[in-house]
Amino acid sequence: MRLTAVDLACHRGGRDVFGGVSFSVSSGEALAITGRNGAGKSSLLRTVVGLVRIAAGRLALEGGDPELTIAEQAHYLGHQDAQKPSLSVGENLRFWAGFFGGKAADIGGPLEAVGLDALIDLPAAYLSAGQRRRLSIARLLAVKRPIWLLDEPTSTLDAPSQQRLAGFMRMHLTEGGIIMAATHASLGIGDARELRLDDRAAVQG
Amino acid sequence: MSPLAALLVRDMRIAVRVGGGAFMGVLFFLVVVTLVPFALGPDLALLKRIGPAILWLAALLANLLALDRLFAADHEDGSLDLVLMSRAPLEIVVAVKGVAHWLSTGLPLIIAAPLIGLLLNLDARGDTTLVLTLLVGTPALTFIGLIGAAIAVALRRGGLLLAVLVLPLTVPVLIFGVAAANAALAGPVTFGTPFVILCALSLASLVVGPFAAAAALRQELE
């Protein structure tokens with residue numbers, strides 16, 4: 001499986017966010033997207049997942065399920081947590097697991113993995129920012145999808161949770177997954193390649 | 001559970017929890033209709049004559065209440081992004097949200113309507129026809145409302161725009177809904193004619209609503 005972009009450009013709100021971005025990530029590889037605030041890290045992830053229209057360039061996935069779009073084979077962890085405050089931790093995760101076609105019964109394992117199993121009946125309104133983020137991460141574990149697109153995944157997480165997330169990412173890579181993460185900090189998974197979004201063009205290091 | 005069933009169950013759950021729209025809509029309906037006899041005075045003949053119109057207007061407004069949160073809440077917390085990434089077509093997803101909205105706000109109104117018809121001096125026959133017109137007509141209100149809710153999704157105070165967009169579109173439903181209810185009570189037209197047109201309006205909105213709303217959502221989230 002190989003995710004390739006050639007000369008990708010993004011145009012939002014009447015201005016060019018980025019242009020000429022090319023990269024290629026294969027199974028088992030992680031790509032860290034870095035750059036100053038406003039360089040288009042989040043927009044790049046949203047472009048890959050189809051939430052923002054591609055202004056120019058090509059984006060292709062080789063070796064995936066030809067019946068499905070890239071978005072349908074990807075998990076997107078955005079800034080917003082997509083949790084409903086009036087539903088409990090368990091109900092929130094069970095919904096996303098069911099909605100993404102997983103088995104709704106299998107939420108015990110993922111919740112335990114992110115350390116929220118004791119709070120399964122607590123309404124999500126009472127969760128802290130870090131706990132909500134961990135609940136979102138549990139979604140990636142509950143339903144298997146080969147591509148993970150993570151937007152500053154470590155923000156709001158404490159040190160043990162960051163290590164746990166790094167563990168999940170390493171496991172996902174050894175299972176042949178692809179990770180693209182917009183980040184300012186180190187991802188903590190060793191040899192992640194870096195895509196730096198600069199003012200002009202993107203440089204893949 | 002299939003993705004769409006999961007969505008339906010979730011939306012219903014949110015609707016009946018604290019802050020959800022289900023009870024708010026039916027309470028608003030009760031309050032508005034209760035106020036009318038106080039405002040008009042105890043003229044039973046007058047109440048009976050305008051009763052169906054009052055109930056229909058109240059149902060229309062109650063239906064709007066929960067509508068502005070239908071997509072806006074999902075947009076604000078990021079759920080809508082994930083919903084757009086689902087393997088189910090967006091049109092179907094939108095239709096399922098419409099069904100959940102109707103079950104949580106339209107259906108309670110219909111259940112409450114016979115009871116509250118008593119306040120407006122409607123007899124059993126009047127109540128039955130009114131319930132029948134609401135049962136057929138409220139899905140049209142919901143599915144026309146979907147379009148407005150989708151257009152107003154990204155706006156902070158979209159509720160007002162929603163009302164301005166949606167209410168004019170519901171005029172035909174209102175006309176034929178009230179006409180059918182009145183026809184059964186007073187004539188001169190038969191009940192069947194306006195009722196069949198009301199059914200047609202509902203069926204058309206069931207088809208057009210999800211497609212228009214899905215198109216609006218796709219545009220909006222660019």
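User: Which residues have the most contacts inside the largest nonpolar core?

Analyst: Keep in mind that this is a predicted model. A nonpolar core is built from buried residues such as Leu, Met and Ala, joined through C-beta atoms within 7 Å. Here the largest one has 128 residues, and A:L149, A:M180 and B:A150 have the most contacts inside it. Helix α7 (residues 124–151) of chain B gives the most to this core, namely twelve residues.

User: What does A:L149 touch, leaving aside residues up to four places away in sequence?

Analyst: Its partners are A:L45, A:V48, A:V49, A:A74, A:H75, A:Y76 and A:M180. One of them, A:L45, is among the buried residues of α1(A), a helix we can look at next.

User: How is α1(A) placed against the strands of chain A?

Analyst: Start with the sheet. Three strands of chain A form an open, antiparallel sheet in the order β2-β1-β4. Its edge strands are β2 (15–26) and β4 (56–62), each pairing on one side only, and the twist from one strand to the next averages 20°. Strand β1 (residues 2–12) is joined to β4(A) by six bridges; across that pair, look for A:V6, whose bridge partner in β4(A) is A:R58. Helix α1 (residues 41–48) lies across β1, β2 and β4 of chain A and runs at about 120° to β1(A).

User: Why do A:A82 and A:E152 count as buried?

Analyst: The cut-off is 20 or more other C-beta atoms within 10 Å. A:A82 is buried because it has 22 of them, and A:E152 counts as buried because it has 20.

User: How many helices and strands are there in chain B?

Analyst: Chain B has ten helices and zero strands. For its overall form, compare the radius of gyration with that of a compact globule: for 222 residues the globule would be near 17 Å, and the 18 Å of chain B agrees. Its C-alpha atoms fill a box of roughly 55 × 35 × 35 Å along the principal axes, and 50% of its residues are buried.

User: Which part of chain B gives the largest share of the side that touches chain A?

Analyst: To read an interface, list the residues on each side and then their elements. Here 22 residues of chain B are in contact with 23 residues of chain A. On the chain B side, α1 (3–16) and α5 (79–84) each give two or more residues, and α1(B) has the largest share, with six. By class, that side has ten nonpolar, five polar and seven charged residues.

Conventions: Residues numbered from 1 in each chain as written. Chains lettered and ligands numbered in written order. Predicted model: local features only at pLDDT ≥ 70, side-chain atom pairs only at ≥ 80, totals over all residues. Buried ≥ 20, exposed ≤ 12 C-beta atoms within 10 Å, placed from the backbone. Helix = DSSP H or I, 4+ residues; strand = E, 2+ residues; numbered from the N terminus. Contact = placed C-beta atoms within 7 Å. Nonpolar A, V, L, I, M, F, W, Y, C, P; charged D, E, K, R; others polar. Pairing = 2+ DSSP bridges. Axes fitted to C-alpha atoms, helices over the stretch in contact; angles between N-to-C directions. Rg over C-alpha atoms; globule rule 2.2 N^0.38 Å.
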